[in-house]
Amino acid sequence: MNFPKGEHHFYPDNTNKTYHAICNNSHGMKSCALSLKNKSSLIIDGNDSLFVMHGIMLGVIISGSEDITLKNISIDW
């Protein structure tokens with residue numbers, strides 16, 4: 001999966017909320033820009049892009065996956 005080079009904005013209102021237990025006191029329904037669950041052999045290339053998260057949300061969740069590569073991406077809130 002390739003993103004075109006540029007600035008990409010992500011908003012919690014435009015995501016599906018799913019349950020995540022991040023640590024022992026932060027669990028519940030959370031918005032996430034890139035939720036990679038049960039994926040394999042996937043390369044995500046941002047082409048030197050900036051991903052900007054707005055509001056309260058997670059940038060990336062990788063769960064139950066293997067052989068996942070994220071490259072050329074900067075993330076900011």
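**View 1. Contacts of Lys 30 in the predicted model.** Beyond its neighbours within four places in sequence, Lys 30 is in contact with Asn 16, Lys 17, Thr 18, His 20, Ile 22 and Leu 58. Lys 30 belongs to strand E3, which spans residues 26-30. Although buried, Lys 30 has no salt bridge.

**View 2. The largest nonpolar core.** Nine residues form this core: Phe 3, Phe 10, Ala 33, Leu 34, Leu 36, Ile 44, Phe 51, Met 53 and Met 57. At least two of its residues come from strand E4 (32-37), and at least two from strand E5 (40-53).

**View 3. Surroundings of the core residue Leu 34.** With neighbours within four places in sequence set aside, the contacts of Leu 34 are Phe 3, Phe 51, Gly 59, Val 60 and Ile 61. Of these, Phe 3 and Phe 51 are also members of the largest nonpolar core.

**View 4. The aromatic cluster of Phe 3, Phe 10 and Phe 51.** The model contains two aromatic pairs. In the pair formed by Phe 10 and Phe 51, the ring centres are 5.2 Å apart and the planes meet at 55°, so the arrangement is tilted. Phe 10 is located in strand E1 (residues 7-10) and Phe 51 in strand E5, so this pair ties together parts 41 residues apart in sequence. Phe 10 is buried, its relative accessible area being 15%. Phe 51 is likewise buried, with a value of 1%. Ring pairs join Phe 3 to the cluster that includes Phe 10 and Phe 51.

Notes:
Residues numbered from 1 in each chain as written. Predicted model: local features only at pLDDT ≥ 70, side-chain atom pairs only at ≥ 80, totals over all residues. Heavy atoms only, no water. Core = buried A, V, L, I, M, F, W, Y, C linked by side-chain atoms within 4.5 Å. Buried < 20%, exposed > 50% of the residue type's maximum accessible area, 1.4 Å probe, protein only. Helix = DSSP H or I, 4+ residues; strand = E, 2+ residues; numbered from the N terminus. Contact = heavy atoms within 4.5 Å. Lys, Arg positive; Asp, Glu negative; His and termini not counted. Salt bridge = Lys/Arg side-chain N within 4 Å of Asp/Glu carboxyl O. Phe/Tyr/Trp six-rings, centres within 6.5 Å; stacked < 30°, edge-to-face > 60°.
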